[in-house]
Amino acid sequence: MVLLSILMFALGLVLLVKGSDFFVEAAATIAKKLGVSEFVIGLTLVAVGTSLPELASSIFAALKAESDIVVGNVVGSNIANIGLIVGIGALLTVIMTRREMLQRDGYIMLFAALLFYLFSFNGVISRFEAMLLLLLYVAYAVFLFEIKSKFSEEDTRAFSEFLSYFLKFEYFITIKKGLGPFFNHKARNRARSEKELTEVPRSGLLRDFAVLLLSGLAVVFGARFLVSEAVFFAEFFDIPKTVIGISLIAVGTSLPELGVTVSAARQGYGNIAIGNVIGSNIANIFLVAGVAALVSPITVVRASIIYNAPFMIFMSVLLLIFIRTGWKITRREGIVFLLLYSLFMISLFSRMLS
């Protein structure tokens, strides 16, 4: 019985991770062939990217009212992204970073972690708080797109400007402009005429849709197997479900981030390596926790409030400090992250056994 559950858990993880990769790639290909703007693709497919496994598993856990797994997945993934993934990446090579990574995305990541902790403090994340998290994610995604379209890579807009952008609802104006051709007949015809000059071949659409369907099913069944078997392990071995979420599910669903970060670090693309981790941590809170809590309000256990979430904030602050010190993550700092992550996991299981 246990062996079968281990195999089903492993199968679910493979289906979830690989299915997510194929799903995003196929969806992006179809969108381009059908003439969907880069604006829409960027805000939906690319923005979700490597966080799709966390999103799918958390939605399924929320549908089953397994709040502990949702919280464990979100918090555990963010801790693993910094402690394990950045640690391994820095151990392989020194990861060079840039100033705007700290001033904009880094501070937004820390803001997201603090907001998650604030919302969790009363023991539950409500649907209203979930909607606020999702609105912040939409604002952040649009904010990044607007920066890309209006500014050079050397320019940056600080965290305070993001807050101003969010509070003034400027992202709605950007979205309206980006979606304009869909609602304006003349603009749509003009855009269609322009696309005819550089039209992307639509051959292979049937195959792309088949891949989209099959990979989508893989994600759904993978998430189902992963969560179901995680619950089984928790009940069979009398392990708190939060621990299962932080360990098995969080590490498993963070595999895409690990692959991207290690590959980018080894090729010398430090911005991609760290940017992937920071972006994923922001998405895990704003998008994953937001969607899950919107499906079903999330109950947060005391252990997460007094230990797990504060440790996530601590690791976020430490990452920003290391980035600020010399604008790089050294091998020594990578070792520190790996040691801290190891100590966190040891203390997690020690508290469970005590």
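Me: Which residues does tyrosine 107 touch, not counting residues up to four places away in sequence?

Reply: Leu102, Phe159 and Leu320. A contact here means heavy atoms within 4.5 Å.

Me: What kind of model is this, and how are things counted?

Reply: The model is predicted: local features need pLDDT of at least 70, side-chain atom pairs count only at pLDDT 80 or more, and totals for chains, interfaces and linings use all residues. Numbering starts from 1 along each chain as its sequence is written, and side-chain values use heavy atoms, with hydrogens and water left out.

Me: Back to tyrosine 107. Where does it lie?

Reply: In helix H5. Helices are DSSP runs of H or I with at least four residues, strands are E runs with at least two, and both are numbered from the N terminus.

Me: Is tyrosine 107 buried, exposed or partly exposed?

Reply: Tyrosine 107 is partly exposed, with a relative accessible area of 36%. Buried means under 20%, exposed means over 50%, and partly exposed is in between, using a 1.4 Å probe and protein chains only.

Me: What does H5 look like overall?

Reply: H5 covers residues 99-120, which is 22 residues. Its first and last C-alpha are 31 Å apart, close to the expected 32 Å. The expected span is 1.5 Å times one less than the number of residues.

Me: Where does H5 bend?

Reply: At aspartate 105, by about 35°. The bend is the angle between axes fitted to the seven residues ending there and the seven starting there.

Me: What about H14? How many residues does it have?

Reply: H14 has 26, residues 270-295. It reaches 36 Å, close to the 38 Å expected. It bends by about 35° at asparagine 284.

Me: Why call H14 largely enclosed?

Reply: Because 19 of its 26 residues are buried, H14 is largely enclosed by the rest of the structure.

Me: Which residues touch the most other members in the largest nonpolar core?

Reply: Phe116, Ile285, Phe286, Leu319, Ile329 and Phe337, out of 97 residues in that core. H14 gives the most to this core, with 13 residues. A nonpolar core is a set of buried Ala, Val, Leu, Ile, Met, Phe, Trp, Tyr and Cys residues joined through side-chain atoms within 4.5 Å.

Me: What is phenylalanine 286 in contact with, leaving aside neighbours within four places in sequence?

Reply: Ile108, Phe111, Ala112, Leu115, Leu133, Leu134, Leu136 and Tyr137.

Me: Switching to H15. Where is its kink?

Reply: At asparagine 308, shortly before proline 310, with an angle of about 30°. H15 has 23 residues and reaches 33 Å, close to the 33 Å expected.

Me: What happens to phi just after H15?

Reply: Glycine 326 takes a positive phi of about 85°. Tryptophan 327, in the loop between H15 and strand E4, has a positive phi near 55° and is not a glycine.

Me: Is tryptophan 327 buried or exposed?

Reply: Tryptophan 327 is buried, at a relative accessible area of 17%.

Me: And alanine 65, buried or exposed?

Reply: Alanine 65 is exposed, at 56% relative accessible area. It sits in the loop between H3 and H4.

Me: On to H4. What does alanine 90 contact, leaving aside neighbours within four places in sequence?

Reply: Ile95, Ile329, Thr330, Arg331 and Gly334. Alanine 90 is in H4, residues 67-92. It is buried, with a relative accessible area of 0%.

Me: How far apart are alanine 90 and arginine 331 in space?

Reply: 5.0 Å, C-alpha to C-alpha, at 241 residues apart in sequence.

Me: What does valine 70 touch, not counting residues up to four places away in sequence?

Reply: Ser58, Ala61, Ala62, Ala292 and Ile298.

Me: Last one, the whole chain. How many helices and strands?

Reply: 16 helices and 4 strands. Of the 354 residues, 50% count as buried. Among contacts with a separation of 6 or more, residues 24 or more positions apart account for 84%.
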